[in-house]
Amino acid sequence: MKGKLLGENKIMLADFKLGERVEAPGALDLPLDLAIALLKGPNNRINLAVPVRGDLGNPSFDYGFVIRSALVDVVRRIVTSPFRFLAGSEEDTEQLRKVEFEPGSDDIEPSQREQLDILSEAIKQRPEIELVVRGSYDAHVDGKSLRRQQVRRDVLAEADILVEEGEDSDFMAFGNVDIQKALERLLARRSEGGAAEFADTYKKQTGREPDRVNPLLGLFGRGSSDREFYEAMFDRLVELQPLSDGELEALATSRAKAITAALRRAGVDSKQVTVGDIEAVTGKPGEAVVAELSLRTVPAEN
């Protein structure tokens, strides 16, 4: 369009350092050290294409001001969405800044490992960038899962059933007579009314008489067909199960260690990865628990 400036200004910077931070009217309040560390390529240079827009017919047009404003916009976009910049995409790549865990678990799923591999490649090319990993836990979601895991272990131990390696950690054979008897014994020890009182409560809530395992038939390996009743009994034991002090914090720490280990296996220098503070988060039941990642410049060595 006539009189309109529409173009791109290429900027190359090399061998420079930021001076001491000073307070000045109109000064940029941006983490420029982070922006520079992100922009630097393997050759320690910055090559930046800055889009330039303006009206040449405007008497107040100032090319230098246009360039500076465009540069500020580029830097602001980088520091406000650094993970998107690392991915080199305009798509929603903020997924790179978080790692999702199944409730009660510190295992990194394959899809999350792929994200960490992408992030690792970007970090390795920028030695001045440090990744801060904050382990997280959800008191409600993780707490319930940890209690379920403990009750499952207790039930299997009570039933004298060995767990095979690789077995589903959430599976419970509620139709198994030994499991049913173990559930009743545990409930008898952990609540005053035991299985009998629980059966009465269950009848009032569901409107039907539960079918409990017959003590005599149980001796011959015949259990109850009422799986729903024993599932409800298991859930009651989960409600009664306490969490030990520091168990949630230990899970969060273990998650942070799992992330840092994955990054280091991918070749990221140990100086570029650090574990931050543990973070308590709140999500929805059934959803993954998110551990957040953040970026900063590698602290200068004394």
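This dialogue goes through the folding features of a predicted model.

User: What should I know about the model before reading numbers from it?
Analyst: The model is predicted: local features need pLDDT of at least 70, side-chain atom pairs count only at pLDDT 80 or more, and totals for chains, interfaces and linings use all residues. Residues are numbered from 1 along each chain as its sequence is written, and side-chain values use heavy atoms, with hydrogens and water left out.

User: How many helices and strands are there in the protein?
Analyst: Helices (H or I, at least four residues) and strands (E, at least two) are DSSP runs, numbered from the N terminus. The protein has 10 helices and 8 strands.

User: What share of the residues counts as buried?
Analyst: Buried means under 20% relative accessible area, exposed means over 50%, and partly exposed lies in between (1.4 Å probe, protein chains only). Of the 302 residues here, 36% count as buried.

User: Which residues have the most contacts inside the largest nonpolar core?
Analyst: A nonpolar core is a set of buried Ala, Val, Leu, Ile, Met, Phe, Trp, Tyr and Cys residues joined through side-chain atoms within 4.5 Å. The largest one here has 25 residues, and L116, I259, L263, L293 and L295 have the most contacts inside it. At least two residues each come from helix 1 (32-39), helix 3 (82-87), strand 3 (98-101), helix 4 (110-124), strand 4 (129-133), helix 10 (247-265) and strand 8 (289-297). Helix 10 gives the largest share, 5 residues. A second, separate core has 23 residues, including A182, F229, Y230 and F234.

User: Which residues is L295 in contact with, leaving aside its neighbours within four places in sequence?
Analyst: Contact means heavy atoms within 4.5 Å. With those neighbours left aside, L295 is in contact with L34, L38, P82, F83, L86, I123, I129, E130 and L131. For the protein, among contacts between residues at least 6 apart in sequence, 74% join residues at least 24 apart.

User: Is Q180 buried or exposed?
Analyst: Q180 is in helix 6 (residues 177-190) and counts as buried, at 0% relative accessibility. Leaving aside neighbours within four places in sequence, Q180 is in contact with F174, G175, V213, G223, S224 and Y230.

User: What is the strand order of the open sheet?
Analyst: Two strands pair if DSSP finds at least two bridges between them. The open sheet has 4 strands in the order 3-8-4-6, with mixed pairing. Strand 3 and strand 6 (273-275) stand at the edges with a single partner strand each, so one side of each has no neighbour in the sheet. The twist averages 25° from one strand to the next. For angles, axes are lines fitted to C-alpha atoms, for helices over the stretch in contact, and values run from 0 to 180 degrees between N-to-C directions.

User: In what sense do strand 3 and strand 8 pair?
Analyst: Strand 3 and strand 8 pair in the antiparallel sense over 4 bridges, with F101 opposite V289 in strand 8. Strand 4 and strand 6 pair in the parallel sense over 3 bridges, and V132 stands opposite T274 in strand 6. Helix 4 packs on the sheet, touching strand 3, strand 4 and strand 8, and its direction makes about 160° with that of strand 3.

User: Where do K124 and E121 lie?
Analyst: Both K124 and E121 lie in helix 4, 3 residues apart, about one turn of the helix. Their side chains meet in a salt bridge (2.8 Å, N to O).

Note on methods. A salt bridge is a side-chain nitrogen of Lys or Arg within 4 Å of a carboxyl oxygen of Asp or Glu.
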